[in-house]
Amino acid sequence: MTVLAPAWSPNSSLLLLLLLLSPCLRGTPDCYFSHSPISSNFHMRISELTDYLLKDYPVTVAINLQDEKHCKALWSLFLAHRWIEQLKTVAGSKMQKLLEDVNTEIHFVTSCTFQPLPECLRFVQTNISHLLQDTCSQLLALKPCIGKACQNFSRCLEVQCQPDSSTLLPPESPGALGATELPKPQPRQLWLLLLLPLTVVLLAAAWCLRWQRTRRRVELRPGGWEPKQGTS
C-alpha cells in the first residue's frame, strides 16, 4: 500500500509562521483592552477604603515617572496595585474586603506584562490617603479613553523615568556647541601673559635703582652729610 505524503512547499511554511505569529492565535496582545475595565462606581469603593484606613499609614509613591500620555496613569495604577496586594497580607477581614473591592478596579493592569522597574525610579514616603487619592485621579483620567479610543497600551510596558536635570545635555547644534566652548588663547596672547610679570619686575627694579641713585646724590652734595664731631 502506498501512502501519499502531503504536499508541502515554502509558501505553506511561510503561511504557518504567519498564523503562529498572529495576535488572534496567540490570544489577547499584551496590554490591549477591547472594552473599558473601569467600573462607573470606582470612586465610591476607593472612598469607602479611605474612610476605613488609618490616614497616616505610610506607603511610597514614585515621583519621577515620565509624563507619557496615558502611560503614566497606567504605571501609577500598576505601582498602586503592588501596595494593595501587600496591604491585603496584613489586613483584617473587614479591610481585606475593602482592599479587594479597590483591587478589582485596578486589577486590569496585571494583564500587562510590564518589564522590571528601572533603577532610575525614585520613591518618597507618603500617606495611604494620598496614594488612594492619586489612584482615583488616574482611573478618572483613563476611563474616558481606555477600551475606546485607547486600546493598545503595548508601548507602556516599559516603565520610564523623567530624565535627570543634572544630566541633561544642551541641544546638539553648531551654534549651541560653539557657544559652550571656551575661546582658545592665541600665541600672541600667551606671550603677553608671560611678559606681564617680567615687565612688573623690571619696572620695580628700575624704580629702586633710581631711588638709590637719588639718595647717593643727596649724600654726596656739600653739606649733605657731615661726620659727627668727636668730644675731646
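The side chains of Thr126 and His130 are joined by a polar contact of 2.8 Å. A polar contact is a pair of N or O atoms within 3.5 Å; within protein, one atom must be able to donate a hydrogen and the other to accept it, and residues adjacent in sequence count only if both atoms are side-chain atoms. Thr126 belongs to strand 2 (residues 123–127). Helices (H or I, at least four residues) and strands (E, at least two) are DSSP runs, numbered from the N terminus. With a relative accessible area of 15%, Thr126 is buried. Buried means under 20% relative accessible area, exposed over 50%, and partly exposed in between (1.4 Å probe, protein chains only). Apart from neighbours within four places in sequence, Thr126 is in contact with Tyr57, Pro58, Val59 and Val61, where contact means heavy atoms within 4.5 Å.

This is a predicted model, in which local features need pLDDT of at least 70 and side-chain atom pairs count only at pLDDT 80 or more, while totals for chains, interfaces and linings use all residues. Residues are numbered from 1 along each chain as its sequence is written, and side-chain values use heavy atoms, with hydrogens and water left out.

**Confidence**

The predictor's confidence in each residue is given as pLDDT, from 0 to 100. The protein has a mean pLDDT of 76, and 67% of its residues reach 70 or more. The pLDDT is below 50 over residues 12–28, a stretch with seven contacts in the model beyond near neighbours in sequence. Residues 166–185 also stay under 50 in pLDDT, and the model has three contacts for them beyond four places in sequence. Where pLDDT is low, the predicted coordinates should not be read in detail.

**Salt bridges**

The structure holds five salt bridges, each a side-chain nitrogen of Lys or Arg within 4 Å of a carboxyl oxygen of Asp or Glu. The table gives three of them.

| Pair | N to O distance |
|---|---|
| Glu105 and Arg45 | 3.0 Å |
| Glu85 and Lys88 | 3.8 Å |
| Glu100 and Lys88 | 2.5 Å |

Glu105 and Arg45 meet in a salt bridge. This pair links distant parts of the chain, with Glu105 in helix 5 (residues 93–106) and Arg45 in helix 3, 60 residues apart. Glu105 is buried at 2% relative accessible area, whereas Arg45 is partly exposed at 26%.

Glu85, Lys88 and Glu100 are linked in a network of salt bridges. Glu85 and Lys88 are three residues apart in helix 4, so about one helical turn separates them. The salt bridge between Glu100 and Lys88 joins helix 5 to helix 4, so it ties together parts that are twelve residues apart in sequence. Glu85 is partly exposed at 31% relative accessibility, and Glu100 is partly exposed at 33%.

**Surface and backbone**

Leu54, Tyr57 and Val90 form a nonpolar surface patch, with about 310 Å² of accessible area together. Patches are made of residues with over 30% relative accessible area and no salt bridge; like charges are joined within 9 Å, and nonpolar side chains (Val, Leu, Ile, Met, Phe, Trp, Tyr) within 5 Å. Accessible areas come from the Shrake-Rupley method with a 1.4 Å probe; for residues, only the protein chains shown count as cover. Leu54 sits in the loop between helix 3 (42–52) and strand 1 (58–62) and is exposed, at 61% relative accessible area.

His70 is not a glycine, yet has a positive phi of about 70 degrees. Most residues other than glycine have a negative phi. His70 lies in the loop between strand 1 and helix 4 and is partly exposed, with a relative accessible area of 21%.
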